[in-house]
Amino acid sequence: MDFNLNYLLNFPYVTILSCQQQEELIILKLDFLNEGISCPHCQTYTDNLHQNRPILVRDLSILGQPVYLKVPRRQFICPNCGKYPTEILEWIEPRRNYTKRYEEYIYERVKELTVEQVSRTEKLSPEQVQNIFSRKADQKKRLVNARKTKLR
Ligand SMILES: [Zn+2]
């Protein structure tokens with residue numbers, strides 16, 4: 001079958017290295033196709049890797065099974081400004097362990113159900129669900145306020 005999971009995952013420069021099933025969880029190990037990044041401080045390209053500490057990131061379920069992505073977190077050394085920029089991934093917010101689309105999904109679920117119900121079906125703690133919901137709700141409020149200020 002000519003079928004590509006990377007296509008379904010739909011993140012730029014990301015490829016799936018392996019897929020493991022562990023106690024009703026699916027763990028997709030990811031790798032990046034780009035060797036370097038452009039330094040966010042001075043825009044200089046660098047592929048001088050300082051360290052790589054993979055993190056587990058929750059993503060949307062596949063066929064009813066919770067999915068975790070093992071994501072390399074790469075920190076580079078910039079030859080120009082000497083800083084140690086960590087790679088920016090447009091699909092995860094900094095220091096979060098959920099993809100943006102997963103946080104959006106949880107936010108929408110909590111609007112329809114209760115925190116407890118979402119916690120049970122998603123196998124997350126109620127605190128985790130509440131944290132995602134409150135954060136998203138705050139972000140959305142700030143966005144609306146910013147728009148209102150612009151209109152004035
Ligand atoms: Zn730099």
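The C-alpha centres of domain 1 and domain 2 lie 23 Å apart. Domain 1 covers 1-91 and domain 2 covers 98-152; these bounds come from an automatic or database domain assignment. Two notes before I go on. This is a predicted model: local features need pLDDT of at least 70, side-chain atom pairs count only at pLDDT 80 or more, and totals for chains, interfaces and linings use all residues. Residues are numbered from 1 along each chain as its sequence is written.

Now the domain contact. Six residues come from domain 1 and seven residues from domain 2. Contact here means C-beta atoms, placed from the backbone, within 7 Å. On the domain 1 side, β6 gives the most, with four residues. Helices (H or I, at least four residues) and strands (E, at least two) are DSSP runs, numbered from the N terminus. By class, that side of domain 1 has four nonpolar, no polar and two charged residues. Ala, Val, Leu, Ile, Met, Phe, Trp, Tyr, Cys and Pro count as nonpolar; Asp, Glu, Lys and Arg as charged; the others, Gly among them, as polar.

Next, the core. The largest nonpolar core has 13 residues. Such a core is a set of buried Ala, Val, Leu, Ile, Met, Phe, Trp, Tyr and Cys residues joined through C-beta atoms within 7 Å. Buried means 20 or more other C-beta atoms within 10 Å of the residue's own, C-beta atoms being placed from the backbone. V57, I106 and V129 have the most contacts inside this core. β7, α2 (100-112) and α4 (126-151) each supply at least two of its residues. The largest share, three residues, is from α2. Where does this core sit? Domain 1 and domain 2 both give residues to this core, so it lies between them.

Take V57. Beyond its neighbours within four places in sequence, V57 touches Y68, L69, V71, I92, N97, Y98 and T99. L69, in β7, stands opposite V57.

Pairing takes at least two DSSP bridges between two strands. β6 and β7 run antiparallel, joined by six bridges. Their hairpin has two residues between the strands, and L63 takes a positive phi near 50° there. β2 (residues 25-32) and β7 (residues 65-71) pair in the parallel sense, over four bridges. K29 faces K70 of β7.

Technical notes: A residue is buried if 20 or more other C-beta atoms lie within 10 Å of its own, exposed if 12 or fewer, and partly exposed in between; C-beta atoms are placed from the backbone. Two residues are in contact if their C-beta atoms, placed from the backbone, lie within 7 Å.
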